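The sequence and the model are shown below. Please keep both in view while reading the walk-through that comes after them.

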Amino acid sequence: MTDAIVEISGLNKAFGRLEVLKGIDMTVRRGEVVCIIGPSGSGKSTLLRCVNLLEEPNAGKVVVNGFEMTDPDVDIDRARRTIGMVFQSFNLFGHLCVLDNLTVAQRKVLKRDKDEAESIARDNLEKVGLAEKAGSMPDQLSGGQQQRVAIARALSMQPAVMLFDEPTSALDPELVGDVLAVMRNLAEEGMTMLVVTHEMQFAREVADKVLFMDGGVVVEEGPPSQVIGDPQQERTQTFLRRVLNPVHADE
Ligand SMILES: Nc1ncnc2c1ncn2[C@@H]1O[C@H](COP(=O)(O)OP(=O)(O)OP(=O)(O)O)[C@@H](O)[C@H]1O
Ligand SMILES: [Mg+2]
């Protein structure tokens with residue numbers, strides 16, 4: 001029995017002599033939203049990048065949607081097709097309109113015909129509240145709109161899991177809410193999501209499980225009411241004091 005979509009065990013990653021991940025174990029089950037929080041440099045992005053093998057682990061096992069990513073014989077292209085990824089920087093194709101940004105990989109990678117790809121693209125633009133921007137160029141959109149396009153693009157590949165790496169941290173504060181609202185809707189629709197975020201309110205309200213990482217290990221994990229609301233570890237407490245009340249961090 002396994003409804004695990006992402007299963008990580010004993011994951012180690014070093015860059016030269018710098019050990020960045022030191023034995024990570026974690027599971028994301030179907031329909032679950034797992035948020036990863038933790039200080040800068042704690043290994044959050046590296047962990048996410050090991051999930052789709054953008055970084056190659058030194059040890060441990062990563063299984064995503066039934067594909068053993070760490071097996072040298074895995075069909076990595078097929079495996080990656082089941083994983084959607086949204087980064088801090090949106091990485092849209094600047095020379096393509098929004099609709100084409102959403103259809104190009106569907107057509108090239110999934111071999112969908114134009115009509116089907118466009119129909120899926122339009123559904124997803126609708127979902128992120130940008131149906132009327134299909135013909136716009138990326139540079140005609142705000143950062144928040146571009147990020148929502150990036151989310152719609154990832155969704156158009158119909159992934160089994162979506163990975164988000166601080167999707168709102170490059171945005172002006174007034175644009176953050178729209179992107180979080182889209183992510184919240186996705187979660188409510190049952191999308192399986194692994195989200196690195198500094199948005200504690202989002203994590204608190206949307207996550208099924210929160211992992212606090214520091215120094216390449218998971219220091220504390222559990223429901224948000226526990227990890228954010230009533231952290232047991234001193235490192236978690238210190239981190240949360242700092243992010244929740246930055247002005248008074250030193251008091
Ligand atoms: N390609 C790389 N080569 C060498 N060192 C790297 C590389 N990528 C990351 N690191 C180092 O690994 C550590 C963890 O980096 P990572 O980006 O995973 O942290 P993070 O938790 O995502 O931080 P942030 O909150 O700032 O995004 C850092 O010390 C970083 O400098
Ligand atoms: Mg990072």
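Predicted model: local features only at pLDDT ≥ 70, side-chain atom pairs only at ≥ 80, totals over all residues.

The protein chain contains 9 helices and 10 strands. Its C-alpha trace spans about 55 × 45 × 35 Å along the principal axes. For 251 residues, a compact globule would have a radius of gyration near 18 Å, and the chain has 18 Å, so the two agree.

Of the 251 residues in the protein chain, 51% are buried. When contacts are counted between residues at least 6 apart in sequence, 63% of them join residues at least 24 apart. The accessible surface of the chain is about 12000 Å², and carbon and sulfur atoms account for 44% of that area.

Strand S6, residues 83-86, is a place to look in detail. Which residues point each way from this strand? Ile83 and Met85 point one way, while Gly84 and Val86 point the other way. These four residues are all buried, so both ways from S6 lead from buried positions, a residue counting as buried when its relative accessible area is under 20%. S6 is joined to S7 by 4 bridges, and the two strands run parallel. Within this pairing, Gly84 stands opposite Met162 in S7.

S7 covers residues 161-165, and the loop that lies between S7 and helix H6 (173-188) holds Glu166. This residue is not a glycine, yet its phi is positive, at about 45°. Most residues other than glycine have a negative phi. Is Glu166 buried or exposed? With a relative accessible area of 14%, Glu166 is buried, because the cut-off for that class is under 20%.

Where does Leu53 lie? Leu53 is found in the loop between helix H1 (44-51) and strand S4 (59-64). The phi of Leu53 is near 65°, a positive value in a residue other than glycine. The relative accessible area of Leu53 is 18%, which is under the 20% cut-off, and therefore Leu53 is buried.

Notes: Residues numbered from 1 in each chain as written. Chains lettered and ligands numbered in written order. Heavy atoms only, no water. Rg over C-alpha atoms; globule rule 2.2 N^0.38 Å. Buried < 20%, exposed > 50% of the residue type's maximum accessible area, 1.4 Å probe, protein only. Contact = heavy atoms within 4.5 Å. Areas by Shrake-Rupley, 256 points an atom, 1.4 Å probe, with all protein chains shown as cover. Pairing = 2+ DSSP bridges.
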